[in-house]
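This briefing walks through one protein model, topic by topic, for a reader who is new to structures. Please keep the sequence and the 3D view open while you read.

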Amino acid sequence: MAVCRTCELVQRRDEGGAPPWDLIVRTPSWDLVHAFGTSVEGWLVLVLRRHLTALADLSDAEAATLGPLIRSTSIALREVLRCEKTYVVQFAEHEEHPH
């Protein structure tokens, strides 16, 4: 596999080397992290803890936990930031983040 910076960041979290903004919530399948350095307040990223490039390839367990995690994250963003909407998109196109 080519370099996957996302996998490196998951490993850093596993080893206890992540800063607080990079470790908001961890589940057996997912990491919820803040997209540090963006201009958008509250930009959060849900990262699958194993390397995968397509949602179609999620296991049943990963898929089953994704929806509730998106919902609870959206609720938290609304409560903390008072935002009216949250959006969900998938980006896996950066050459160092094919994850």
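Predicted model: local features only at pLDDT ≥ 70, side-chain atom pairs only at ≥ 80, totals over all residues.

Residues are numbered from 1 along each chain as its sequence is written, and side-chain values use heavy atoms, with hydrogens and water left out.

**The sheet**

- Three strands make an open sheet in the order β1-β2-β3 with antiparallel pairing, where two strands pair if DSSP finds at least two bridges between them.
- The strands at the edges are β1 (25–26) and β3, each of which pairs on one side only.
- β1 and β2 run antiparallel and are joined by two bridges, and these strands form a hairpin with three residues between them.
- β2 and β3 also pair in the antiparallel sense, over five bridges, and Leu 32 has Leu 46 in β3 as its bridge partner.
- β2 is mostly covered, since four of its five residues are buried; buried means under 20% relative accessible area, exposed means over 50%, and partly exposed lies in between (1.4 Å probe, protein chains only).

- Contact means heavy atoms within 4.5 Å, and, not counting residues up to four places away in sequence, Arg 13 touches Ala 18, Asp 22, Leu 23, Arg 26, Asp 31 and Val 33.
- Both Arg 26 and Asp 31, the residues of the opening question, are therefore among the contacts of Arg 13.
- Arg 13 and Arg 49 are 36 residues apart along the chain, and their C-alpha atoms are separated by 9.9 Å.
- Glu 62 has its place in helix α2, and this residue counts as buried because its relative accessibility is 7%.
- Leaving aside neighbours within four places in sequence, Glu 62 is in contact with Ser 29, Trp 30, Leu 48 and Arg 50.

**Pockets**

- A pocket is found on a 1 Å grid over the protein atoms alone, as an open set of points where a 1.4 Å probe fits, with protein on both sides within 12 Å along at least five of seven lines, and lining residues have an atom within 4 Å of a point.
- The largest pocket holds about 1,300 Å³ of space, and of the 45 residues that line this pocket the closest to its centre are Trp 43, Leu 44, Val 45, Leu 46 and Val 89.
- α1 (5–14), β2 (30–34), β3 (44–48) and α2 (60–81) each supply at least two residues of that lining, and α2 gives the largest share, six residues.
- The lining of the largest pocket divides into 28 nonpolar, 11 polar and six charged residues; Ala, Val, Leu, Ile, Met, Phe, Trp, Tyr, Cys and Pro count as nonpolar, Asp, Glu, Lys and Arg as charged, and the others, Gly among them, as polar.
- The second largest pocket has a volume of about 180 Å³, and of its 13 lining residues the closest to its centre are Ile 24, Leu 44, Thr 73, Ala 76 and Leu 77.
- A volume here is the space filled by probe spheres set on the grid points, which are joined across faces, edges and corners.
- In the second largest pocket, seven lining residues come from α2, the largest share, and the lining divides into nine nonpolar, four polar and no charged residues.

**Cysteines and one backbone angle**

- A disulfide is counted when a pair of cysteine sulfur atoms lies within 2.5 Å, and by this rule the count comes to zero disulfides.
- Cys 7 is in no disulfide, and the nearest cysteine sulfur, that of Cys 4, is 3.6 Å away.
- Cys 7 counts as partly exposed at 21% relative accessibility, and Cys 83 is partly exposed with a relative accessible area of 23%.
- Arg 82 lies in the segment after α2, where its phi is near 60°, a positive value in a residue other than glycine.
- Arg 82 is exposed, because its relative accessible area is 65%.
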